[in-house]
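Here is a short report on one protein model.

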Amino acid sequence: MRLAFISDLHGNVHALTAVKRFLSEHIVNQVIVVGDLVGYGASPGPVIDFVKREGWVTGLGSSDMRVAMELGDRADRKGVADQVLGWTKKMLTPEQVDFLRRLPPGGRIVTPIGRVRYFHGSPHDPEARLDLMAQERELEALAETLGARVVVVGGSHVPFVRVVGETTFVDPGSVGLTLNHEPGADVAIVDCVGRKPKVSLHKVTYDFASSAFDIMAWNLPPVIADVIRTGRMG
C-alpha cells in the first residue's frame, strides 16, 4: 500500500495542480490531505473545489477551522494569517464553508505494516502543534496511546521525518507555503510494505510566480508572495 500525504495547501491552486500532476506519475492507493486547505493563498474556493472533486481524504486544519467555525475574533490576533482569513471568509460560498465545517479532525488507516494516524495539530485540536523534536519518551508515549506505526501531522510547513522506536513520525511540509528555504510544493509518500514503512519526501516544482502574482493582484500582504517565491519567512 502506498499513501501520499499533503498538507497546508493554503489556497494555492497553482501548487495543487502541479501536485496532482506529480501524483499521476507515482502510483498511490490513496491521497490524504492533512488540513489547512485555506489561508494565505489567493484561491481558497478553487482549492476546496479541487480537493472535493478529487475525492481525497481530508482532515480539518487550524485555518479551515478559523474560517468555518464561529470561534469569534480575538483582539490580539492581528497577524498576516488573520488578515487573509478575514478575506477568505468573504470569498467562499456557503457550500465551500460547509465542506470545511464537516471535515473531521483527523483519521486512521489500517495498512499491512500497522495503523497510520493523521491529524493537523494534535489528535483532537487542529490548532495545537505536535513537537516532532520532543524527547523520545514523549513521542513513544503518544505512539502507544494512538496505537500507530506511522503518525502524520501538519502545520510546520517544513518536511520532516523522525523514527522513534517502532513508530515513524512524518510532517509532509506544505503544498502552498513551504518554509524549508526552497520554493515548491511538498509531498510525502509512505510505502506501507515489508517490516517497516518507507517515507520519501518530494519537492514539486510549479509556477510559483503566478501564485505570487495572484497575492499581489488581490492586494493581500506582500510578505506572502515573498515566502512563495523563496520558501522562507523573512
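## Basis

This is a predicted model, in which local features need pLDDT of at least 70, side-chain atom pairs count only at pLDDT 80 or more, and totals for chains, interfaces and linings use all residues. Residues are numbered from 1 along each chain as its sequence is written, and side-chain values use heavy atoms, with hydrogens and water left out.

## The cavity

The structure holds 1 cavity of 30 Å³ or more. A cavity is a set of points, on a 1 Å grid over the protein atoms alone, where a 1.4 Å probe fits but cannot get out. The volume of the largest cavity is about 50 Å³. That volume is the space filled by probe spheres set on the points, which are joined across faces, edges and corners.

Lining residues have an atom within 4 Å of a point. Among them are Gly11, Asn12, Val13, His14, Ser211, Asp214 and Ile228. Helices H1 (13-24) and H7 (208-217) each supply at least two lining residues. H7 gives the most, with 3 residues. Helices (H or I, at least four residues) and strands (E, at least two) are DSSP runs, numbered from the N terminus.

## Sheet S3-S2-S1-S9-S10

This open sheet has 5 strands and mixed pairing. Its edge strands, S3 (57-58) and S10 (198-204), each pair on one side only. Two strands pair if DSSP finds at least two bridges between them. S2 (residues 30-33) and S3 pair in the parallel sense over 2 bridges. Ile32 has Val57 of S3 as its bridge partner.

H1 lies across S1 (2-6), S2, S9 (185-191) and S10, at about 30° to S9. Angles run from 0 to 180 degrees between N-to-C directions, with axes fitted to C-alpha atoms, for helices over the stretch in contact. Contact means heavy atoms within 4.5 Å.

## Sheet S4-S5-S6-S8-S7

The strands of this open sheet number 5, again with mixed pairing. S4 (106-111) and S7 (160-164) are the edge strands, each pairing on one side only. Neighbouring strands are turned by 15° against each other on average, direction ignored.

Helix H6 (residues 136-146) packs on this sheet. H6 touches S5, S6, S7 and S8 (167-171), and its direction makes about 85° with that of S7. S5 (residues 114-119) and S6 (residues 150-153) pair in the parallel sense over 4 bridges. Phe119 has Val153 of S6 as its bridge partner.

How values were computed. On a 1 Å grid over the protein atoms alone, a cavity is a set of points where a 1.4 Å probe fits but cannot get out, and a pocket is an open set with protein on both sides within 12 Å along at least five of seven lines; lining residues have an atom within 4 Å of a point.
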